[in-house]
Amino acid sequence: MPLLLYYVSAPAAPIGQAEGVCGSPLKHSELSDLAACYSEIDSLPQDPAKLAEEAVRFFRVQQAGFAAGCIVPFRFPSLFPDETLLREFLLSQSAELTRTLARINAMSQFDIRISTDQPGATPQSGTQYLRSRASQSAAVAKAESRCRTLLADIARDWVVRHGPARSTLHVLVPRSEEQETADRFRALVPPSDCRLVILGPWPPGAFVGTDTDGANHD
Amino acid sequence: MAAKPEPEVIVVGEGGDSEVSLLDILDNVLNSGVVIHGSLVISLAGVDLVYVGLNAVLTSVETARKHLESKQT
């Protein structure tokens with residue numbers, strides 16, 4: 001039966017909860033210095049809405065694992081045909097996964113979504129459009145800079161993803177500083193031309209050294 | 001290590017929900033974490049081979065995400 005992989009952790013880390021995607025029982029597969037949390041699933045729902053519900057269950061398992069210790073999260077859905085191939089994968093990637101676990105140990109991730117809030121008039125010319133875009137980009141860049149300054153003494157790493165008139169910053173902070181990080185954002189004076197949404201803490205999935213196309217790693 | 005609270009949302013500026021939405025969660029599980037590339041060949045009951053394209057599954061979840069986004073805007 002196919003296996004759905006949730007996360008990799010240190011061997012001693014307990015499973016945070018008992019049930020995973022599609023109600024499947026969670027299992028642990030241990031190698032010498034790694035453990036994988038997975039469950040056996042017959043299939044995933046075809047219906048997008050139901051599949052989204054299962055993605056939330058997947059998220060809950062990762063959050064429970066994160067509450068219990070350090071985890072390297074996998075994206076939804078990471079499937080393996082059987083436990084033999086899962087163990088082969090873990091063996092082949094054990095050095096990298098162990099390094100990653102050490103790097104993000106006792107760390108949390110917060111996501112900062114910056115967007116400009118300038119609805120209304122449609123630009124009447126190309127020049128007007130370009131000016132508007134330049135203005136939005138400048139506002140986003142200014143807000144980014146404020147966030148970096150705000151957490152300069154706490155942040156251990158940043159990953160930035162840029163989009164049109166918006167930007168997402170992933171920041172890696174020590175778990176001991178989660179409350180301080182949240183408190184600083186709550187006390188931040190809102191920028192006049194941007195909206196900031198801060199999400200977290202959650203597992204440092206943006207810092208696990210995988211597909212970072214389009215991202216800037218600082 | 002002490003158990004951590006549920007993730008929260010802090011909105012700096014006007015408007016917005018203070019709870020983590022389904023959209024936020026989907027964005028997190030689809031865009032964050034280790035990626036395993038490629039397709040899988042799954043044997044069911046030792047007989048049939050089923051080719052599961054991970055991209056097809058991801059596309060399905062993306063469809064749900066975009067549907068949610070369009071409802072929110």
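Helices and strands here are DSSP runs, numbered from the N terminus. I am working on a predicted model.

**Entry: A:Ile112**

I began in strand E6 of chain A, where A:Ile112 is found. Is A:Ile112 buried or exposed? I counted 25 C-beta neighbours inside 10 Å. The cut-off for buried is 20 or more, so A:Ile112 counts as buried.

I then listed its contacts, leaving aside neighbours within four places in sequence. A:Ile112 is in contact with A:Cys147, A:Thr168, A:Leu169, A:Val171, A:Leu196 and A:Ile198. I also checked one longer pair. A:Ile112 and A:Val160 are 48 residues apart in sequence. Their C-alpha atoms are 9.5 Å apart in space.

**Entry: helix H3 of chain A**

Which residues of H3(A) are buried? I noted A:Ala139, A:Val140, A:Ala143 and A:Cys147. An α-helix has 3.6 residues a turn, so residues three or four places apart point the same way. I looked next for what covers the buried residues of H3(A). The cover includes strands E6 (107-116), E8 (166-174) and E9 (194-202) of chain A.

**Entry: domains of chain A**

The domain assignment gives domain 1 (3-104) and domain 2 (107-217) in chain A. Their C-alpha centres lie 29 Å apart. The contact takes eight residues from domain 1 and eight residues from domain 2 of chain A.

Which elements give two or more residues to the domain 1 side? I found helix H1 (48-68), strand E4 (71-73) and helix H2 (83-104) of chain A. By class, this side of domain 1 has five nonpolar, three polar and no charged residues.

**Entry: the largest nonpolar core**

I listed 62 residues in the largest nonpolar core. A:Tyr6, A:Ala55 and A:Ile198 touch the most other members. H1(A) provides the largest share of this core, eight residues. Both domains of chain A take part: the core draws at least three residues from each of domain 1 (3-104) and domain 2 (107-217).

**Entry: A:Cys70**

I moved to the loop between H1 and E4 of chain A, where A:Cys70 is found. A:Cys70 is buried, because 23 other C-beta atoms lie within 10 Å. What does A:Cys70 touch, not counting residues up to four places away in sequence? I wrote down A:Ser9, A:Ala10, A:Leu101, A:Ile104, A:Asn105 and A:Ala106. A:Cys70 and A:Leu101 are 31 residues apart in sequence. C-alpha to C-alpha, the two are 6.9 Å apart.

**Entry: strand pairing in chain A**

Strand E3 (residues 35-40) pairs with strand E2 (residues 26-30) in the antiparallel sense, over five bridges. A hairpin of four residues joins E2(A) to E3(A). I checked two partners: A:Leu26 stands opposite A:Ser39, and A:Lys27 has A:Tyr38 as its bridge partner.

E3(A) also pairs with strand E1 (residues 3-9) of chain A. That pairing is antiparallel too, over six bridges. Here the bridge partner of A:Tyr7 is A:Cys37.

**Entry: backbone checks**

Most residues other than glycine have a negative phi, and most peptide bonds are trans. I searched for exceptions.

The peptide bond from A:Phe76 to A:Pro77 is cis, with omega near -10 degrees. A:Pro77 sits in the loop between E4 and strand E5 (79-80) of chain A. The peptide bond from A:Gly200 to A:Pro201 is also cis, with omega near 5 degrees. A:Pro201 is in strand E9 of chain A.

Then phi. A:Cys22 has a positive value, near 55 degrees. Its place is the loop between E1 and E2 of chain A. A:Cys22 counts as partly exposed, because it has 17 C-beta neighbours inside 10 Å. A:Ala106 has a positive phi of about 60 degrees and is not a glycine. A:Ala106 lies in the loop between H2 and E6 of chain A. With 10 other C-beta atoms within 10 Å, A:Ala106 is exposed.

**Entry: chain B**

Last, I turned to chain B. How many helices and strands does chain B have? I counted two helices and three strands. From the N terminus on, they run β-α-β-β-α. Buried residues make up 18% of the 73 residues in chain B.

Terms used
Residues are numbered from 1 along each chain as its sequence is written. Chains are lettered from A and ligands numbered from 1 in the order in which they are written. This is a predicted model: local features need pLDDT of at least 70, side-chain atom pairs count only at pLDDT 80 or more; totals for chains, interfaces and linings use all residues. A residue is buried if 20 or more other C-beta atoms lie within 10 Å of its own, exposed if 12 or fewer, and partly exposed in between; C-beta atoms are placed from the backbone. Two residues are in contact if their C-beta atoms, placed from the backbone, lie within 7 Å. Domain bounds come from an automatic or database domain assignment. Ala, Val, Leu, Ile, Met, Phe, Trp, Tyr, Cys and Pro count as nonpolar, Asp, Glu, Lys and Arg as charged, and the others, Gly among them, as polar. A nonpolar core is a set of buried Ala, Val, Leu, Ile, Met, Phe, Trp, Tyr and Cys residues joined through C-beta atoms within 7 Å. Two strands pair if DSSP finds at least two bridges between them.
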